[in-house]
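Me: I have a protein model open and I would like to learn how to read it. Could you walk me through it, one feature at a time?

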Amino acid sequence: MQSRGSAAEEAELLSVSFNQDYVCFAAGMSNGFRIYNCNPFLETFRRDLKRGGFGIVEMLFRSNIIGLVGGGSNPQYPPNKVLIWDDQQSRCFGELTYRSEVRAVKLRQDAIVVVLEETIFVYNFKSLKLVRQIKTVDNPRGLCCLSHISDSFVLACPGMLCGQVRVEHVSLKETRFIAAHESHVACMTLTIDGLLLVTASTKGTLIRIFNTMDGTRLQEVRRGLERADVYSIALSPDVQWLAVSSDRATVHVFRLRATVPGDVSNQDAAAHVSGMDHKIHCTSLDALLSQDSAAKIMPSSSFMKGILPKYFSFESSFAQFHLPEATRCIAAFGIQNTVVIIGMDGSFYRCSFDPVNGGEMVQQENILFLQANSHPPVTTSTASN
């Protein structure tokens, strides 16, 4: 029998995911979960369990609310159960159980979205009442993305046809279907206001940007000529840049082509992100909403006020970062033209790109975050089923 100390040292990383504004990321472990700040890099807290792992750890911005699903060879909870955990009060205030395995959990301040293989369930956050049920094509990746502005609820997910994306403008009570690709969709993301959708297919060569209101394809960029498994797609807070990670061990940055005359400067939006408080806990959801980036980051509606042709010929990436080893990873934008990359090998990279000349990105930081010592005292929890 191993001691608790040796078991902790050998904890396996099961999942990584950013929060909604990319200032934090969560690591699901075979013995609990951990939360990290991205800038500066810091392990903010961890919950080490005597037994059991988490395959899904979904944060709600930097609040104390976390969506949890068991995972690994010894899951803390069955993989068909979702727990909505209040870490400040150390209690579960919501539990949802299904007949099949949960593929993803997505949180908004007013909604909980649970993704199964062929069905998506949408619940009211406070009452946990089921408000919408959506059928999809087989969705083993758990693809689903949400907007995060309080008065604009947009949900995007696979439709019922190969390569199709279903966009639910929940606030407007409108549904639109977009024929995004000829092959199955592999990855997707929305802008924070839900007006732009970015997709990649299982071929992984082309990335497409759509207007979610009318389904118009606005831009198309080429990741490469060879097939690739796209792991993540992220937009910069000012909607100027697009980052894509894949199994080709390269993170690509693309420029979004848009002219926005007479609008808020991109520097103002970026300055807000750089100045945000990086605390994990807040006392309430109301406090969270008063300080999060959702209401303050420049909405991408301004992106479409400029003169933008409906279709661009293929564009290659503007900047690239080559990982030393191929590993499953996710990427997002940090502050001041930086990209943060989180690998399933426990690696954290921060690199910068030249916004004028592009080219190879410069590595600024490389940390093995599972071995980092910069964390508060370990908290041991014995959460019961």
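**Reading the model step by step**

Reply: Let's begin with a charge and a ring: Arg255 lies over the face of Phe318, at 4.7 Å from the ring centre. The rule is that NZ of Lys or CZ of Arg is within 6 Å of the ring centre and within 35 degrees of the ring normal. Another case is Arg108, whose charged end sits over the ring of Phe153, 4.3 Å from its centre.

Me: Before we go on, how should I treat the model as a whole?

Reply: This is a predicted model, in which local features need pLDDT of at least 70, side-chain atom pairs count only at pLDDT 80 or more, and totals for chains, interfaces and linings use all residues. Residues are numbered from 1 along each chain as its sequence is written, and side-chain values use heavy atoms, with hydrogens and water left out.

Me: What average pLDDT does the protein have?

Reply: pLDDT is the predictor's confidence in each residue, from 0 to 100. The average here is 83, and 79% of the residues score at least 70. Where pLDDT is low, the predicted coordinates should not be read in detail. In this model pLDDT stays under 50 over residues 1–8 and over residues 258–312. For residues 258–312 the model has 114 contacts beyond four places in sequence, a contact being heavy atoms within 4.5 Å.

Me: In what order do the five strands of the open sheet come?

Reply: Strands of a sheet pair through backbone hydrogen bonds, either parallel or antiparallel. Strands here are DSSP runs (E, at least two residues; helices are H or I, at least four), numbered from the N terminus, and two strands pair if DSSP finds at least two bridges between them. The order is β21-β22-β23-β24-β28, with mixed pairing. β21 (230–235) and β28 (359–360) are at the edges with a single partner strand each, so one side of each has no neighbour in the sheet. Inside the sheet, β22 (residues 241–246) and β23 (residues 250–255) run antiparallel, joined by five bridges; Leu242 stands opposite Phe254 in β23.

Me: Which strands form a hairpin with five residues between them?

Reply: Those are β11 and β12, and Leu128 in the turn has a positive phi of about 60°. β11 (residues 119–124) pairs with β12 (residues 130–135) in the antiparallel sense over five bridges, and Val122 has Arg132 in β12 as its bridge partner.

Me: How many aromatic pairs does the structure hold?

Reply: A pair of aromatic rings is described by the distance of the centres and the angle of the planes. Rings of Phe, Tyr and Trp (its six-membered ring) pair if their centres lie within 6.5 Å; planes under 30 degrees apart are stacked, over 60 edge-to-face, and the rest tilted. The structure holds 17 such pairs. Phe41 and Phe348 make a tilted one, 4.8 Å centre to centre with 50° between the planes. This pair links distant parts of the chain, from Phe41 in β4 (residues 41–49) to Phe348 in β27 (residues 347–352), 307 residues apart.

Me: Are Phe41 and Phe348 buried or exposed?

Reply: Both are buried. Buried means under 20% relative accessible area, exposed over 50%, and partly exposed in between (1.4 Å probe, protein chains only). Phe41 and Phe348 also belong to one aromatic cluster with Phe25, Tyr36 and Phe369.

Me: Where does Gln320 lie?

Reply: Gln320 lies in strand β24 (residues 319–322), and it counts as buried because its relative accessibility is 17%.
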